[in-house]
Each structure stands twice: as C-alpha cells, then as structure tokens.
Amino acid sequence: MISTITAFGAGYIQKENEVIVGLQTDQLLKRAMKPYGGMKLVQMAVAEKGLEVSEKVLEIFNYAKDHNNAVFSAYDQEIRKYRSKHVLTGLPDNYARGRIIGDYRRVALYGIDRLMAAKKEDLKNIDGALTDHKLRLKEEVSEQIKALLDMRKMAESYGIDISKPAQTAQEAVQWTYLAYLSAVKEQDGAAMSLGNVSTFLDIYIERDLEAGLITEEEAQEMIDQFVMKLRLVRHLRPGAYDEIFGGDPTWVTEAIGGQFNDGRTKVTKTAFRFLQTLYNLGPSPEPNLTVLWSSYLPKGFKDFCAQVSIDTSSVQYENDDLMRETRGSDDYGIACCVSYQKLGKSIQHFGARANLPKALLMALNGGREEENGEVIIPNIPKIEDRVLDYQKVMGLFKKSMAEVARVYAKAMYTIHYMHDKYYYERAQMALIDTDPAIDIAYGAAGISIIADSLSAIKYAKVYPVRNEKGLTVDFKVEGDFPKFGNDDDRVDQIAKEVTGLFIAELRKHRAYKDANPTLSLLTITSNVMYGKNTGATPDGRKAGESFAPGANPMHGRDENGAIASLNSVSKLDYNDALDGISNTFTMIPKSLGSSKEDQVNNLTTLLDGYFVKNAHHLNVNVLDRETLLKAFEKPEDYPQLTIRVSGYAVNFVRLSKAHQLEVINRTFHTSM
C-alpha cells in the first residue's frame, strides 16, 4: 500500500492507556512505502526484507513518474560523472529531500477550517498575467488545500475533530502531533523536523494547571507520550541509505529554549518536560533535542541541560544569540541538524554536499579523478613539481572549486524542480505561508582535511607520490605544520578562507525558484563513506581513511585540549555557512570535574565561552572510549546507549561496524 495521509486506518499501541494517539500506519512500527521519491529505492528496501512490491503498485509506476526517474531523465553527463565519482555526494535525487518544517502549531492554534479558508483566499489572490511562478503556485496551493482536507479526515479516524482550534492542553498536544503525523505519513525526507513547539504548548499546559484541569504528572505524561510517538517514526529505507545516514535517523528535531528578541526567555516548564523524557523514557536519538543556547538563558535551565548531556549524551546545542542576530527572527526551528528555518515563513531545499578533498585532488591531478585518471574538470594544468607550491596549488584549487560549484548548482536546480513536480510536500507546505522565502542548502565535506593539507603544503614540504599514469596516489611530508583544532591562526584562517571562497562560487549561480544560497559544514555519518571513496591527501591522511565529521578537526590532531579545539572551530564564519557549522565534541567525564556539581558547572561555563565567540553548534558527548568498546563487543548489553555523531544522535549499536569504529577513533578530550 502506498502511504498517504489517509491510506491507513487508526493505529494504537495500547488504546486504553494512550493520552496522545496516532501511528504512521495501522500497526506499531509497520513501515510504509512512499514510492514517489524513487520506486527503485523502495523495491530495494522491500527486497531486503524478503518481500516484493505488489504488482498493483508496480503497474501504477508504469504510468506514473517518480522523482528519481525524473531527475535522472534531466541529468546531463557532467552531473552524472560528478555524482558517480563521489565529487557530489548524498544528493536527494533518489530519496525525499526533507528539511522542510511545517508550522505544526497552526493546526492547534487555528483549526483546519480556518487554515483552509486562508489558503483558498490565497489561491483566489494569485491573479493577473500568468507566469511560470504563478502557475506553479496555483497548483501547489490547490494541493495544500487537499492535504488539509485529508488531515481532517485522518484525525476523524481517531474520533478527533481538528476542524476548530484546540481548547485544552491535551488537545493542543494532540492537534500538533496529528499535523506532524500527516507529514510523516506522506514524506520520508532525509530530515522531518518538528520545529519549536515546547514554548507554544506550555501556554495551554500552564492555563490548564492553573485552572485545576490537570496535574503536573498529567502534563508530563502528555509530553512523554508525544515524545514516545515521535520516537516511533519509521521510514522504509534500504541498506544503501544507511551508508549515507548511519543508524536509521529521522531527525525529528525539536528546538528548545532560546530567547525572544525583546529580551524575554522562551524557556518554560515544558522545555524542562521535554528534556525530562530522556529520564522517564530513557535516552534516545529521537526526537533530536536541540537546545537554543543563549548567554541570557536562566541558570537553572543551563545547569539542567548540562546535567542531561552528562547523563545521556542526547542533546545538541546551537547559538541562539548568533542566529537571532544574523537571521532576524526569534521564532525558528532547526531543519535536520544545524539549519535555521524561520517557522511558517521560509523553507529550505536540501542538497547534501560537495567533497572538497576530491576537489583538491583534482586540482593536483590536472582535473583528473585520483582513482583511475578519468578527466572530470577539463583545462586544469598538470602539476609536475617535485615539491608542491602553495600559491600554485591554491590557484588551481580555486578553479577546481569554481567548477564543482557550477555543476553542483546545476544538479540542485534539477533535483528541486523535479521534487516539486513529482513529490511535492503538500502537507508541510499547507502549514507554511503561501510563497515563502527559500534557502538552497549546499554543503561541503572535509574542511579540516583541506585546512591541514594546505597548511602542510604552506609550512612543510609535501612531495607528491605519482604512479605510472602520473596520478598523485600518496604524499610524503617533511617537517611539521600547524593542524586545525589547536587554536593556531595559521591553519584556522585557511579553513575560514576556503569556506568563504566556496560559498562565493555557489552564490554566482541562480537557484531554482531564486532560492538564497547557503552552505553547511556537515557530514552526518557520511564522513565514513566519503573517506572510503577518496584518495590520500597532503595532510597525511591515507586513501580510504574516514573524514572528520562536520567541521571537526581530524581525529587525534587537536592535541592542545578541549578549549583549543573549540576555539579553532569557532573561527569559522557563520555568515559563510548559514546552513550550519557542525561540531561534535567528546569529553571523558572526569575531564569536567570529580563531582557531578563540578561537571555541570564546568560544562555550562564551557558552552557559554564557546558560544560567546560566535561559534554556531556543538554536539556534546560525555563518555569514555571504553564504554563504546564494550558496546562494540557486546551490543546486546547497550540497547539504549545514545551518542551524538554529526548533527544528530544515534543508538550506537545501530551504526554499522565501520561507523562504530570511526566514532571510537575520534578524539576523546581528557583535559580542558
């Protein structure tokens, strides 16, 4: 059965005990097909479960076109080559793009009837001389109105009328969840974020508490059951997807805390209630709890966040002061891992990332790919020098990045044009203002490898090792050189410069729907796959060796302690990477202090100090390497061991062995 908002009847865990109801299908943990993203991907996933897609569904797709087929029908040979050679990686061309956050609060606040009336008025007002934009918009709003009708019908299957605004706290939580449920019934995007609902729901909960309609235990139970449902979100995905995004994440990202622009705090009791679920239900990757950290947050909340991080390693932090100042709005969510999105007012078109170390190797190899010598970028002169010259390498690297940016922009235009046409997110877009602002979210992998490689060329002597084809297959480095992650401006400024150069190239190209180009320094767990498909680099990294995650220093190279490592990452300019700068950070517990009180105080101080330097993001793990080694050997003993990886959390035992080993090999800071 093809999953839609109304495809399945009501589903329950234990109906008599459920305060908040609703499942993606009619049975707990039953995964549903969403073949409009890519029928081939669905067939692979189903076959891996020992099943077959029904003939009826296959027949439909003899006539209907899916997003994947549409994209590849329009790809030219250049895009295909960049994709197959792992220069452009993880593109959402055979799975749903995700990263669009519906403002799910609107269903509770207004009810479906008023939302439909507003969309019908918007449709009527799209008049005048037709343009491509207006015609697309007419069709899109028409689909949104149908989605709102289906939301109401789906809710009715549970005996719930969401046509009017929610009147109680339980209704507000339930209405909000049903709106989100509609989205995950139809879409299996790479990130299906929730937004920022805790402050909103707290208004209803506090009103009912003051009126004596509910107790605190009942208020917490509503949030526990809401979070329980969010943890149960599942998508049908093949094993190949797990190579890109390890651990089967869904990125149900909920942003908690932060400040209003007028100085009031957004921290409420319900912010605490969401974090408390990590104790009541146990640690878990989902929802992807994201604290919007401000230096002005209440101290009690800061301390509780630090305690939760120390106890569970399940929380990430993003710089609320920086994002509000840079992006303007104080009402925003985080799409996927690190990406700002103004709720209900703007969306994002996701685009995975470019492999910058590949771009550097093509610059060093006359535009040829390093594995078999195929020309990817024509007209790049060969370097035949015995020792690499920094100025010459930088000149060619800039040309290489310019070409990568040009092809990347072309691929993204194709992907998002086709996604709108064949796999439009009608449920999410029904809960967003008509004709919203759009960011196009480009990404770059391997920034620390680039920084260290260029640093080695500039400050040491790097000798390329070439094979019989003249391809550089390895490097010999004579002398020491500054390494990213040690608070050394000589190399840190290289990382900053390259980030600025790459986004400047991307901004030269027009995006689909005139979207605003942004960039992330983020890898998810794809850093393992990127490394596997990338040759040796001038920093001493060997062929096949994993990249560091996100904007992290390479494993073990940040030798001057935790603060020096954080300082290096903080120098990357958020204005050059408005889609986010991911930093995953691990400390052993005793490095934060001998007592729990000291650990909480020191972690809070560390977070304040990091973010006051305009750093953007931090995943915090507080654990010993020995714990991970034990879980690696005996996974059955650690079913709920949760760690932060690169922008999201994951059950460690659900990662592949390759991903687990990469995490084990990361830097575990033993001192501040």
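How exposed is Asp-248, in terms of relative accessible area? Asp-248 is partly exposed, at a relative accessible area of 21%. Here buried means under 20% relative accessible area, exposed means over 50%, and partly exposed lies in between (1.4 Å probe, protein chains only).

The model is predicted: local features need pLDDT of at least 70, side-chain atom pairs count only at pLDDT 80 or more, and totals for chains, interfaces and linings use all residues. Residues are numbered from 1 along each chain as its sequence is written, and side-chain values use heavy atoms, with hydrogens and water left out.

**View 1. Two aspartates with positive phi.** Asp-248 has a phi near 55°, a positive value in a residue other than glycine. Asp-248 sits in the loop between H11 and strand E2 (253–257). Helices (H or I, at least four residues) and strands (E, at least two) are DSSP runs, numbered from the N terminus. Asp-435 also has a positive phi, near 60°. The loop between helix H17 (426–429) and strand E9 (437–445) holds Asp-435. Asp-435 is partly exposed, with a relative accessible area of 41%. Most residues other than glycine have a negative phi.

**View 2. The cis peptide bond at Pro-287.** Glu-286 and Pro-287 are joined by a cis peptide bond, with omega about -10°. Pro-287 belongs to the loop between H12 and strand E3 (288–293). Most peptide bonds are trans.

**View 3. Helix H9 crossing helix H12.** The axes of H9 (residues 198–210) and H12 (residues 269–280) come within 8 Å and cross at roughly 110°. That makes H9 roughly perpendicular to H12. Axes are lines fitted to C-alpha atoms, for helices over the stretch in contact, and angles run from 0 to 180 degrees between N-to-C directions. Angles under 35 degrees count as roughly parallel, over 145 as roughly antiparallel, 65 to 115 as roughly perpendicular and the rest as oblique. H9 makes the contact through Ser-198, Asp-202, Ile-205, Glu-206 and Leu-209. H12 contributes Lys-269, Thr-270, Ala-271, Arg-273 and Phe-274. Contact means heavy atoms within 4.5 Å. By class, the contact residues are four nonpolar, two polar and four charged. Ala, Val, Leu, Ile, Met, Phe, Trp, Tyr, Cys and Pro count as nonpolar, Asp, Glu, Lys and Arg as charged, and the others, Gly among them, as polar.

**View 4. Helix H8 alongside helix H10.** The axes of H8 (residues 169–186) and H10 (residues 216–231) come within 10 Å and cross at roughly 10°. That makes H8 roughly parallel to H10. From H8, the contact uses Ala-169, Gln-170, Val-173, Tyr-177 and Tyr-180. From H10, it uses Met-222, Phe-226, Lys-229 and Leu-230. Seven of these residues are nonpolar, one is polar and one is charged.

**View 5. The largest pocket.** Its volume is about 530 Å³. Of its 21 lining residues, Asp-420, Lys-421, Tyr-422, Tyr-423 and Tyr-424 are the closest to the centre. On a 1 Å grid over the protein atoms alone, a pocket is an open set of points where a 1.4 Å probe fits, with protein on both sides within 12 Å along at least five of seven lines; lining residues have an atom within 4 Å of a point. Grid points are joined across faces, edges and corners, and a volume is the space filled by probe spheres set on the points. Helix H7 (132–156) and helix H16 (390–422) each supply at least two lining residues. The lining has nine nonpolar, three polar and nine charged residues.

**View 6. The second largest pocket.** This pocket has a volume of about 400 Å³. Its lining comprises 19 residues, with Arg-83, Asp-93, Asn-94, Ala-240 and Ile-244 nearest the centre. Helix H1 (39–48), helix H4 (77–84), strand E1 (88–89) and H11 each give two or more residues. H11 gives the most, with four. Nine lining residues are nonpolar, six polar and four charged.

**View 7. Leu-360 and its contacts.** Leu-360 lies in helix H15 (residues 356–364). At 0% relative accessibility, Leu-360 is buried. Leaving out residues up to four places away in sequence, Leu-360 touches Val-393, Phe-397, Ile-450, Ser-453, Leu-454 and Pro-538. Leu-360 and Ser-453 are 93 residues apart in sequence and 9.1 Å apart in space, C-alpha to C-alpha.
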